[in-house]
Each structure stands twice: as C-alpha cells, then as structure tokens.
Amino acid sequence: MKNKKEMRSWLDDFKLDHPLVIAGPCSAETEDQVLKIAHDLKNTDVSIYRAGIWKPRTRPGMFEGVGAIGLKWLDKVKKETGLLTATEVANASHVKLALEYDIDVLWIGARSTVSPFIVQEIADALKDTDKIVLVKNPVNPDLSLWLGGLERLYTANIKKLGVIHRGFSTYEKTKYRNNPEWQLPIELQNRFPDIPLICDPSHIAGRRDILQDISQTALDLNFDGLMIETHIDPDNAWSDAAQQITPKVLVKMMEDLKIRTLTSDEADYQNQLNTLRTQIDVIDHGILETLGKRMKVAVSIGELKKQKNVAVLQTKRWNEILGNMILEGEKKGLSEEFVLKMFKAIHQESINNQEKVINS
Ligand code: PEP
Ligand code: MN
C-alpha cells in the first residue's frame, strides 16, 4: 500500500478548523436515549454520531447490543440533527444492514481487526463503497496486523479510509484500560502521513478522569480527530459506564483542549517541533517505566542474596553486562562512553537498593 493522498480527501471535505470529533454512546440502548444524546451533540464540534448496535463483549452474558433496530434510530438521528452516523460492523450481514440504512461511517472493532478472515469478509462485503471506513487497532500491539486490515480494504477499492487508535491489551494492570503504546500510532503516521488518524481516548482510558490528558497528547502528536463516548446518563450506561461523559462535559473538554492549527510557516515549524517533543515525552516515560521495573527485579535479587548470604557486588556478572551493552549500544548509534556512564549509574542505583534490602 502506497501513501495515498486520496485517503485524506474525505477528511478535507469536512472543511473543519478543528479536529474531527466523533461522539455518541458506547451502545444504542433505546430510541429515546439515542435521540436525546444526538440532539445534545448537534451544534457542537461533533460531526459524526457514533453508537454501537452490535457489541463485541469479551465475555458472554453482558449487554450485546440492540441489533438492527438501532439502525432505524440512527437514521432518525441523521434526519433530525444532520449529523453523520457511525457504527461498528463485525461481519458481512452487519455490513449489508448498515448499508441498507445508509450509515455513513463504518468501523472495524479491535476484536475484529485481529482476524484477517473477518476483515476480508467485511472488505468483500464493502467492495467499491464510497462510505468512510475506519479500522481500529487490533487488541494486540501489532502494527502489521493493523496495516494489513487497511490494505485489505484498500484492495477492495474502498478509498475513504482512516484508522482509530484505541490502545492495546496488556496482562499487567496499568492506569489505562488499554495501554496507549503511542509509539505504534507514531510509527504508522511516520510511514503513512496521509491516512487520517483518530484517537479513541475512551477505550484507552476506561475512566473519565484521564480523557482530557489522553486527548491532548493525541492532538499534540498531530492526530486528525477524536472519538469520544458520550451519554446523557453515563453512570447508568448499559456498557462502558465508567468511561462515558455527558455532551456538556464533552463540549467543555473540547474548549479546554489546545488545538494547533497550520496557518503559516512558523505555525508549521511549531507544529512539527511539538509533535517531536511529544514523541520524546512518550519515550522518556517509557524509559522511566523500564528503569522502575529493573529496580524491582534488582531488589528481588537483593532478597535472594540476603537469604543465601552472598555479597551484593558480583564483578564478573557486572563486567559481562557492561560488555554486552556496549556492543548492543554501538549498533544503535550510542557511544561507548555514554553507555558506560548510563549503566554505571543504573548499576549504582541497584547496588544501593540491594544494600538497603540486605541491611534491613
Ligand atoms: C466501541 O467502540 O464501543 C468498541 C467496542 O471499541 P473497541 O473495538 O475499541 O473495543
Ligand atoms: Mn465502548
């Protein structure tokens, strides 16, 4: 797949002076709920109304969506508010129904993007469509799988394409529901700068208090839009209650977000600089995260040494680590001097921590 400028044109057609905003409930629940939210969202920055009607739930027994009846409600939304409509499709029959009801934007969910068979089935069902089709990242942090989904759609002659970053599953519990792993969308953007890139902070966060921060990071990384779950009564939503916000809170959030616009050379320079600086911030956070993990392991070694009554400093092991790291660092363009200094500092911190354990 080449970098296709045409993929961008649908986004330019909106002629927005702010990022594209897709909002609406996680799930369509009742006709009344769907329409109330939509009316609260019209005349805001929102251009596209989202609502899941077929819900892929990780475990059975939870609310699995209202099904095709919800398509009628979305049609009403379009007629009454002028908002475009969007829903998730996960197989050929969903596609057929969504097209029948003239849904404007179809997205492929994270649990579907992982399966090339499913994506191919959806691509075949959508062949030649002029609808906008968005591909969420797969649940696992695999850029090829994500791009592969996009390629299958592109090959089916679907030109209005975009991607949604909704974070990645991890075994380890973090403050996120789905870890953002920003380096993946950054790499996707570096490789295909013209593919519209939308962030879904709701599914990254899993909770409403960090939506603003995640959205700001996305905008600082030059994302083209945001998809944010919005509900009139978030706490009583039938799915994803903890992460939804009211239309009013969404409007306030959009006001508070710092949006950078490309108006001049100077703005363009500032834009690029900010994007790169945000990339550095993301990487620096990762470095600290990794160092923190390393220290925890060092402390466990300290506990083991204490039990066995072994000395903290093991010179042979240390020289081995250092030699390997210098060789590996060289391959990555890091000087011997830098690698030595850095690892000496890390090693010293480990020794200090282990001594604390042994003397405790
Ligand atoms: C959703 O958007 O409601 C959804 C189910 O998202 P995801 O596929 O990202 O989990
Ligand atoms: Mn949801």
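Me: Which residue in β2 is the bridge partner of Val21?

Reply: This is a predicted model, where local features need pLDDT of at least 70, side-chain atom pairs count only at pLDDT 80 or more, and totals for chains, interfaces and linings use all residues. Residues are numbered from 1 along each chain as its sequence is written, chains are lettered from A and ligands numbered from 1 in the order in which they are written, and side-chain values use heavy atoms, with hydrogens and water left out. Strands (E, at least two residues) and helices (H or I, at least four) are DSSP runs, numbered from the N terminus. Three bridges join β1 to β2, and the two run parallel; in β2, the partner of Val21 is Val46.

Me: Which residue in β8 is the bridge partner of Ala23?

Reply: Strands pair if DSSP finds at least two bridges between them. β1 and β8 run parallel and are joined by five bridges. In β8, Ala23 has as its bridge partner Ile228.

Me: How many of the residues of β1 are buried?

Reply: Buried means under 20% relative accessible area, exposed over 50%, and partly exposed in between, with a 1.4 Å probe and protein chains only. In a regular strand the side chains alternate between the two faces of the sheet. On one side of β1, Leu20, Ile22 and Gly24 are buried, and on the other Val21 and Ala23. β1 is largely enclosed by the rest of the structure, because the buried count is five of five.

Me: In what order do the eight strands close into a barrel, and what is the average twist?

Reply: The pairing in the barrel is parallel. The strand order is β1-β2-β3-β4-β5-β6-β7-β8. From one strand to the next, the twist averages 30°.

Me: What angle does the direction of α7 make with that of β6?

Reply: α7 packs on the sheet, touching β4 (105-108), β5 (132-136) and β6 (161-165). Contact here means heavy atoms within 4.5 Å. Axes are lines fitted to C-alpha atoms, for helices over the stretch in contact, and angles run from 0 to 180 degrees between N-to-C directions. For α7 and β6 the angle is about 160°.

Me: What is the relative accessible area of Ile122?

Reply: Ile122 lies in helix α6 (residues 116-126). Beyond its neighbours within four places in sequence, Ile122 contacts Val89, Ala90, Asn91, Val95 and Ile108. Ile122 is buried, and its relative accessible area is 0%.

Me: Which residues are the protein donors of the manganese ion (ligand 2)?

Reply: Donors are N, O and S atoms within 2.8 Å of the metal (3.2 Å for Na, K and Ca); water is not among the atoms, so sites may look incomplete. The spacing of the donor residues in sequence is C-x176-H-x25-E-x10-D. Cys26 and Asp240 are both buried. Lying 2.1 to 2.4 Å from the ion, the donors are Cys26 (SG), His203 (NE2), Glu229 (OE) and Asp240 (OD).

Me: How far apart in sequence are the parts that Phe63 and Trp238 tie together?

Reply: Rings of Phe, Tyr and Trp (its six-membered ring) pair if their centres lie within 6.5 Å; planes under 30 degrees apart count as stacked, over 60 as edge-to-face and the rest as tilted. Phe63 and Trp238 are edge-to-face, 5.1 Å centre to centre with 90° between the planes. Phe63 is in the loop between β2 (46-50) and α3 (69-81), and Trp238 in the loop between β8 and α11, so the parts tied together are apart by 175 residues.

Me: Is Trp182 buried or exposed?

Reply: Trp182 pairs with Phe223: the ring centres are 5.8 Å apart and the planes at 85°, so this pair is edge-to-face. Phe223 has 6% relative accessibility and counts as buried. At 8% relative accessibility, Trp182 also counts as buried.
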